[in-house]
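Here is a short note for someone opening this entry for the first time.

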Amino acid sequence: MQSQKTPSQLFSFEFYPPKSEEGAASLQIVHDKLAKLNPDFFSVTFGAGGSTRDKTFDAVIAIQAKGISAAPHLSCVASTKENIRAILKSYQDHGISKIVALRGDLPSGMMSAGEFRYANELVEFIRKETGDYFQIHVAAYPEMHPQAANSREDFKNFKRKVDAGANAAITQYFYNAEAYFYFVDACEKNGIDIPIIPGIMPITQYSQLFRFSEMCGADIPRWMRKRLECFGDDRQAIQAFGLDVVTELCQRLLDNGAPGLHFYTMNQAAPTLAIWENLKL
Ligand code: FAD
């Protein structure tokens with residue numbers, strides 16, 4: 001296995017905003033461990049419908065104050081232009097210049113879609129309001145977004161976000177490297193030349209990963225499911241298998257030209273650190 005981090009590669013780590021004081025204290029520790037890897041940025045998720053708006057803001061400001069860039073996620077579903085304008089302004093006022101622009105999903109029970117229907121409209125709005133100030137990342141789905149009519153339409157919709165001014169894309173997590181390579185090929189054929197950064201989900205347990213993957217449309221290949229099922233409650237075995245599989249996936253992606261990696265850390269340092277160490281980055 002070669003050592004391979006190059007200056008042009010982009011590495012980032014995603015957190016969700018802590019819900020309690022203990023969560024915030026533990027995230028500080030996780031942040032400090034991962035900060036030693038010198039990532040390009042940390043990103044912080046945003047609850048659709050603005051449910052974590054203040055918590056996302058607080059987490060982003062705290063991270064940025066410690067010296068490494070922080071990128072807030074911003075979802076537009078159930079939001080008004082006025083809301084989004086105010087959020088953008090507060091980020092600008094605090095020197096935050098990276099943003100992950102999303103549609104988000106309506107929380108159950110919430111009916112109104114608000115003034116934005118899709119993420120391309122949010123990207124357009126950010127560009128209209130703030131010019132080139134923000135470096136905008138958008139979501140990409142190599143295995144297709146679960147609500148898309150079909151994969152061709154989904155790809156066209158992805159291109160709308162790029163045409164609206166996205167600078168880079170982060171993918172939904174996947175365990176089939178081919179889906180990513182095929183997606184990147186399609187981008188090249190369609191004149192899309194922004195970095196498409198693979199989203200990496202470390203595997204630490206099975207039932208939650210399975211549920212989550214069903215919801216977000218990420219495929220866990222059959223052979224992996226069968227192995228994971230066999231491990232039952234043996235957490236150590238699941239983690240060892242997950243570490244092997246995800247390390248190999250990352251290695252393959254980087255060896256074949258992926259422009260970096262974005263880790264869904266789930267606010268834990270150890271699984272990401274173990275993969276990083278295996279990759280000798
Ligand atoms: P869009 O790009 O708008 O796509 C949504 C669906 O609509 C797709 O099926 C697409 O094909 C279709 N579509 C898009 N544009 C059009 C159009 N113009 N006309 C017709 N159909 C269209 N969720 C959160 O709530 N908070 C987060 O912080 C968060 N972070 C994420 C980070 C990453 C990297 C990823 C990959 C996902 C994240 N999500 C987050 C989940 C995301 O919000 C959901 O997947 C959501 O369902 C779609 O958001 P999107 O920005 O991809 O939407």
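1. The shell around the ligand is made up of 10 nonpolar, eight polar and five charged residues. Here Ala, Val, Leu, Ile, Met, Phe, Trp, Tyr, Cys and Pro count as nonpolar, Asp, Glu, Lys and Arg as charged, and the others, Gly among them, as polar.

2. This is a predicted model, in which local features need pLDDT of at least 70 and side-chain atom pairs pLDDT 80 or more, while totals for chains, interfaces and linings use all residues. Residues are numbered from 1 along each chain as its sequence is written, and side-chain values use heavy atoms, with hydrogens and water left out.

3. Phe46, Asp105, Tyr141, Asp154 and Lys161 come nearest of the 23 residues around the ligand (a heavy atom within 4 Å).

4. Polar contacts are pairs of N or O atoms within 3.5 Å. In the side chain of Asp154, an N or O atom is 2.6 Å from an oxygen atom of the ligand. For Gly104, a backbone N or O atom lies 3.2 Å from a ligand oxygen atom.

5. The protein buries 86% of the 970 Å² that the ligand exposes when taken alone (Shrake-Rupley method, 1.4 Å probe).

6. Helix α5 (151-163) is one of the elements giving two or more residues to the shell; with four residues, α5 gives the most. Helices are DSSP runs of H or I, at least four residues.

7. Phe158 touches Val138, Phe183 and Ile196, among others, not counting residues up to four places away in sequence (contact: heavy atoms within 4.5 Å).

Note on methods
A polar contact is a pair of N or O atoms within 3.5 Å; within protein, one must be able to donate a hydrogen and the other to accept it, and residues adjacent in sequence count only if both atoms are side-chain atoms.
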